[in-house]
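Trainee: Can we go through this model together? I'd like to start with the charged pairs.

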Amino acid sequence: MRRKTPKISIQPKHVLTFCTVICLILIFLSFRYETLLSPVKTAVGGVVTPMQKGINTFGSFLSDKLDTLANMRDLMDENEKLKSQNEALKVENSILIQDRYELDGLRRLFEVDQKYADYPKVAARVISRDSNSFYNVFTIDKGSKDGIKVDMNVLAGNGLVGIVTEVGVNYAKVRSIIDDASYVSGMFLKTSDTCDVKGDLQLLDDGVIRVEAISMNADIKDGYEVVTSHISNKYLQGILIGYAYDIKVDSSNMVKSGYLRPAVDFEHLEEVLIITTLKEKLEKGE
């Protein structure tokens with residue numbers, strides 16, 4: 001049988017003591033025999049110095065990288081704060097823009113209210129519309145409880161929007177003058193020549209509606225104002241409808257026809273005014 005080799009066990013404290021004694025001896029010898037050990041120091045220095053230089057270079061590189069990471073972390077934290085501030089500013093800016101638009105809308109309503117100051121009115125907000133890009137038929141948030149009735153005239157912008165066609169307790173529907181089913185008896189304000197204003201949704205992309213049945217003798221120029229005439233059975237007299245554009249003799253060679261540029265922006269209706277006086281009752285009162 002093979003004989004087991006005995007294990008040598010050395011205590012760590014003995015190793016530490018031995019290393020300490022060796023270090024003390026070397027320190028003593030380096031001071032006592034400094035001249036004799038100078039070549040050894042030089043040789044050791046030649047080996048250790050490059051190692052120290054490399055360690056210092058690596059340490060500096062590592063320190064720079066750690067500083068860079070710390071700076072990046074600070075920048076990321078600051079970027080998150082700036083993002084939060086930016087989102088808050090966007091929300092605040094949106095609110096301010098909305099307030100400005102509402103203020104502009106109220107200012108325009110006030111201007112049209114002053115323009116037709118002789119008529120009593122009720123303000124209303126548009127709450128829905130038909131499924132197209134124009135407000136040819138839309139719903140407002142005022143109804144019979146607010147005194148709204150069928151055939152009341154509706155205003156916005158600089159003039160006529162349309163007429164109330166249906167009334168509920170707290171809502172009403174309006175058909176605007178641009179709707180295909182709309183017909184308004186008009187009059188050129190400057191010449192007193194009458195005409196018929198007809199809605200045509202296909203023309204709205206060009207920003208115009210039709211005007212027909214103009215006298216052959218009428219001297220009409222682009223930009224002439226057209227208002228509701230006295231012979232209209234539902235529309236009150238003198239409300240601006242729009243401005244003449246491209247009036248010519250039509251194919252029948254008996255009358256003139258052309259287009260009107262509406263006085264109202266029918267793509268961006270938000271608030272309207274309803275004149276609470278009916279044409280029929282006004283005429284009876286007179």
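Mentor: Start with Asp219 and Lys221. Their side chains meet in a salt bridge, 3.4 Å from N to O. The term means a side-chain nitrogen of Lys or Arg within 4 Å of a carboxyl oxygen of Asp or Glu. This is a predicted model: local features need pLDDT of at least 70, side-chain atom pairs count only at pLDDT 80 or more, and totals for chains, interfaces and linings use all residues. Residues are numbered from 1 along each chain as its sequence is written, and side-chain values use heavy atoms, with hydrogens and water left out.

Trainee: How many salt bridges in the whole structure?

Mentor: Seven. One of them joins Asp200 to Arg210, with the closest N and O atoms 2.9 Å apart. Asp200 sits in the loop between strands E7 and E8, Arg210 in E8, 10 residues apart. Strands here are DSSP runs (E, at least two residues), numbered from the N terminus.

Trainee: And how accessible is Asp200?

Mentor: Asp200 is buried, at 11%. Arg210 is partly exposed, at 30%.

Trainee: New topic. What do the strands of the barrel look like in order?

Mentor: Six strands close it, E1-E2-E5-E4-E3-E12, with antiparallel pairing. Strands pair if DSSP finds at least two bridges between them. E4 and E5 share five.

Trainee: Which residue in E5 partners Ile163?

Mentor: Arg175.

Terms used: Helices (H or I, at least four residues) and strands (E, at least two) are DSSP runs, numbered from the N terminus. Buried means under 20% relative accessible area, exposed over 50%, partly exposed in between (1.4 Å probe, protein chains only).
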